[in-house]
Amino acid sequence: MGKGVNKRTPSSLTQEATKYNEFGLIPQKQFTSTTRGRGAGFNPGNRFESTRIEKSADDVFEEDLDPERTVPTEFFRDRTRTVLAKNDSPDIPFTYSVNPYRGCEHGCIYCYARPSHEYLGFSSGMDFETKILVKYDAPRLLEEAFRKPSWAPQVVALSGNTDCYQPVERTLKITRELLKVFLRVQNPVRIVTKNFLITRDVDLLKPLAEKHLVGVMLSITTLDRELARRMEPRTSTSQNRLKAIEVLAKNGIPVGVLTSPVIPGLTDHEFPEILRLASEAGASSAGYTIVRLSHALKELFKDWLERELPTKKDKVLHSIESVRGGRLSSSEFGKRMRGEGELADHIARTFKLFAKRYGLNRHDVVPDDPAPFLRGGGEQTELFS
């Protein structure tokens with residue numbers, strides 16, 4: 001299956017994964033700060049499981065003996081029978097999303113999707129970036145969903161939770177096959193990614209754009225190469241993401257930039273320059289969110305700061321608390337994405353100012369006049385607008 005892909009035959013879940021789900025045994029392995037290519041430093045307990053294995057002083061793990069080791073990624077077949085995930089959140093601009101992968105090898109330490117891995121019986125820590133569930137049947141399931149009379153054509157998000165262009169996509173090409181389905185039935189799609197790999201699919205994105213069916217957002221958190229290497233270890237560099245914006249824009253594909261998440265006290269000073277460079281590369285829209293650290297993500301992020309940026313830890317945590325009502329997270333609609341308080345208001349005003357200065361947000365990346373939907377993918381004559 002290629003470099004970095006577990007060579008064991010995928011099954012519904014491996015014996016190890018089955019053990020996690022059936023017995024709730026979550027090994028509490030403490031990884032080292034020098035674990036190459038990984039963001040998390042440990043596996044916090046799963047909030048849905050009552051039984052955990054704690055590491056004692058007498059335990060000896062392989063990682064203790066080899067602090068420079070790499071942690072291999074394992075891939076499991078996800079036998080989900082439906083592929084369209086529905087949400088009813090009023091602050092999310094789409095109702096349905098498709099996530100071909102659950103878990104994400106990019107390993108971004110701040111990722112809001114980490115706690116979702118606990119629903120699978122895994123940890124939101126190292127498990128999230130090393131145990132990836134793959135929906136091999138996603139293209140077929142999506143086409144079946146679009147053929148149903150109950151489907152009302154509307155924008156579907158690719159990467160509503162985890163990145164659809166994470167490294168294994170280079171080999172498996174599931175996202176590419178999904179794009180073929182969107183094009184065949186002419187259903188609008190919105191894509192968010194941190195990976196230059198999206199440029200591979202220009203041959204599909206371009207005809208989608210010509211039919212007003214696609215919009216792409218590249219997420220750029222920081223322009224600091226060293227910080228990015230530590231904070232989002234397996235993503236494309238920010239320079240390559242800017243290059244991806246340029247490639248897409250030159251091919252007539254609507255593309256924007258997300259300066260997300262803004263991390264107060266760490267990256268909040270960077271988004272004016274990110275917006276300038278993205279605009280010069282061809283971005284036509286922009287957006288942002290402010291980091292929120294829910295559930296186990298709080299301890300993961302604190303641990304990461306202690307390991308990687310100990311002198312900035314208190315400043316960053318206090319800054320996040322200042323936009324979260326004294327906490328590190330907020331789930332309140334209308335506030336969870338943008339935060340609240342003086343600093344949050346300052347970020348909002350500054351973002352609006354520079355987005356306007358650089359000609360961003362002229363229009364949404366997904367036009368509102370898409371080509372008519374073809375429920376039979378061109379095989380039937382019935383059209384839906």
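View 1. The side chains of E177 and K180 meet in a salt bridge with an N to O distance of 3.0 Å; a salt bridge is a side-chain nitrogen of Lys or Arg within 4 Å of a carboxyl oxygen of Asp or Glu. The model is predicted: local features need pLDDT of at least 70 and side-chain atom pairs count only at pLDDT 80 or more, while totals for chains, interfaces and linings use all residues. Residues are numbered from 1 along each chain as its sequence is written, and side-chain values use heavy atoms, with hydrogens and water left out. E177 and K180 are three residues apart in helix α6 (residues 174-185), so about one helical turn separates them. Helices (H or I, at least four residues) and strands (E, at least two) are DSSP runs, numbered from the N terminus. E177 is partly exposed at 32% relative accessible area, and K180 is partly exposed at 30%. Buried means under 20% relative accessible area, exposed over 50%, and partly exposed in between (1.4 Å probe, protein chains only).

**View 2. Salt bridge between K302 and E299 in helix α11.** The N to O distance in the salt bridge of K302 with E299 is 3.7 Å. Both residues belong to helix α11 (residues 297-308), where they are three residues apart, about one turn of the helix. K302 is partly exposed, with a relative accessible area of 27%, and E299 is partly exposed at 42%.

**View 3. Salt bridge between E74 and K131.** The closest N and O atoms of E74 and K131 are 2.8 Å apart in this salt bridge. The pair links distant parts of the chain, with E74 in strand β1 (residues 74-77) and K131 in strand β5 (residues 131-134), 57 residues apart. E74 is buried at 11% relative accessible area, and K131 is buried at 6%.

**View 4. Aromatic pair of F146 and F373.** The rings of F146 and F373 are edge-to-face, 6.0 Å centre to centre with 80° between the planes. F146 in helix α4 (residues 138-147) and F373 in strand β11 (residues 373-374) are 227 residues apart, and the pair links distant parts of the chain. Rings of Phe, Tyr and Trp (its six-membered ring) pair if their centres lie within 6.5 Å; planes under 30 degrees apart count as stacked, over 60 as edge-to-face and the rest as tilted. Both F146 and F373 are buried. Ring pairs join Y96, F146, W151, F182 and F373 into a cluster.
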